[in-house]
Amino acid sequence: METTEIQAVMEAIIYVAEEPVKPEQFREVFPDETMETLEQALKAMVEAFNARPGGMAIREVAGGFRMTTRPEHHEQIRTYLKTRPNAKLSMAALETLAVVAYKQPVTLAEILAIRGKKSSSALHTLLEKNMVAIVGRKQVVGRPILYGTSKEFLIHFGLKSLKDLPTLEEFAQLANEQL
Amino acid sequence: MDNDQDLSPDTREPFEGNGVTVRLEAFEGPLDLLLHLIKREEIDIWNIPIARITEQYLEYIQIMKDLNINLAAEWLMMASTLIYIKSRMLVPQEKKEDPEDEDIEDPRHELVYQLLEHQKFKNAAEMLHTREEVENAVWNKPPADALEDANEIVDVSLFDLLRAFSEVVRRFEEQQVMEVDHEEVTVEQMILDIRNRLLLHDTILFSSLFAESRSKRHMIVTFLALLELVRMHEVRLRQKKTFEEIQISKKKETA
């Protein structure tokens, strides 16, 4: 199939998809093409799509691609939709989430040690919002629950993968400068 | 409701008043208060005037007590840590030849590392906050019915489900391992367990739900939990063809 046609189909699929579309998923649609061909076509399509000054962008999130509006138009879109920004996570929840994201799999006691305060209610909120999931139990006395971040976490924060997070060293450096 | 939203972004900032302002959101925990004091006083973190900081810390605790704020145990633990460090500082240290050695002996260092670690994660939280703001400013709106059952996918009826369950039980009985009475699991716990699994995987196979079952009771509880999730419209059951393996996936929230 012509590359331009493949690219057009990819764009359409990303548009209709509910979840970010993973490159492998295009393989099901184009069984005759190699993964390499598909990935190249996808990359070029995304670049070209995002280069045009349109209202939509294709972004890489949680290991897949999704089509969204551009952040710079949020005011006008909100005016049209007559909505307010979603309730955001509290700073306590964000801090707890940061600890989980960087230290996962992590227990409640380990979170407490870093934050220096009880974090069970913040963690509860995160579990409720599906940002955090139980990933297992630590093989120590009491077998405490281990927590990790979910796919929802990546989507909520627009991350390609956990590797997309800045390293902790960067924040350590910043902390040293701040204090 | 509206008020909450109006307040939320700004109340996070520590409010700098006449030195006696307490905001619990700002001073999440004792470490936050210490960081705040250190920044406000422009103190060198590697040389914290522990007596002064302890005094200020205790003042804040007093204010919070006066305001009838219920102080969690960690606030008092930190107070005792500070007082302990202060007392250790008063004990004259023998002069060491190697200045590095002296460094390690500094009773403040453990606290300093804890503060730096905490600041590090506060920065990470700040980064998440910024990302969240950006994500809140974009929309993606797929056609609601876009993924509604493609042709070859059929929704599963209650009878398919019962048949699949009896199949699982039959296979279990064939192997007939010993029925050990494990910890009793409740339907509620099982519901949480299935929800959690669906957070980690987009779809799970019906049979995999029972992979760890060692007793028939456990299987029944699992099955009831699944039925409950179906009833609450939390999960969606599908199979590619009749008699094929049933797949369980989260039902998309209708925004």
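Visitor: What share of the residues in chain A is buried?
Guide: Of the 179 residues in chain A, 43% are buried. Keep in mind that this is a predicted model.

Visitor: Okay, and how many helices and strands are in chain A?
Guide: Chain A has 9 helices and 4 strands. Starting from the N terminus, the order is α-α-α-β-β-α-α-α-α-β-β-α-α.

Visitor: What about its surface, how much of the accessible area of chain A belongs to carbon and sulfur?
Guide: Carbon and sulfur atoms account for 54% of an accessible surface of about 9,600 Å² in chain A.

Visitor: Switching to chain B. How many helices and strands there?
Guide: Chain B has 9 helices and 4 strands. Its elements run α-α-α-α-α-α-β-α-α-β-α-β-β from the N terminus.

Visitor: And what percentage of chain B counts as buried?
Guide: That's 38% of its 255 residues. Chain B exposes about 15,700 Å², with 52% of that from carbon and sulfur atoms.

Visitor: What fraction of the contacts in chain B join residues at least 24 apart?
Guide: Counting contacts between residues at least 6 apart in sequence, 64% in chain B join residues at least 24 apart. For chain A, the figure on that basis is 47%.

Visitor: Now confidence. What is the mean pLDDT of chain B?
Guide: The mean is 76, and 73% of the residues in chain B reach 70 or more.

Visitor: Which elements of chain B have the lowest and highest mean pLDDT?
Guide: Helix α1 of chain B, residues 2-11, has the lowest at 38, while α6(B) has the highest at 92. Residues 1-23 of chain B have pLDDT below 50, and that stretch still makes 31 contacts in the model beyond near neighbours in sequence. Residues 145-152 of chain B are also below 50, with 10 such contacts.

Visitor: Why does B:Leu115 count as buried?
Guide: Because its relative accessibility is 0%, and the cut-off for buried is under 20%.

Visitor: Which residues does B:Leu115 touch?
Guide: Leaving out residues up to four places away in sequence, B:Leu115 touches B:Leu31, B:Leu34, B:Leu35, B:Ile38, B:Ile45 and B:Ile48. Take B:Leu31: it lies 84 residues from B:Leu115 along the chain, yet their C-alpha atoms are separated by 6.4 Å.

Methods:
Residues are numbered from 1 along each chain as its sequence is written. Chains are lettered from A and ligands numbered from 1 in the order in which they are written. This is a predicted model: local features need pLDDT of at least 70, side-chain atom pairs count only at pLDDT 80 or more; totals for chains, interfaces and linings use all residues. Side-chain values use heavy atoms; hydrogens and water are left out. Buried means under 20% relative accessible area, exposed over 50%, partly exposed in between (1.4 Å probe, protein chains only). Contact means heavy atoms within 4.5 Å. pLDDT is the predictor's confidence in each residue, from 0 to 100. Helices (H or I, at least four residues) and strands (E, at least two) are DSSP runs, numbered from the N terminus. Accessible areas come from the Shrake-Rupley method with a 1.4 Å probe; for residues, only the protein chains shown count as cover.
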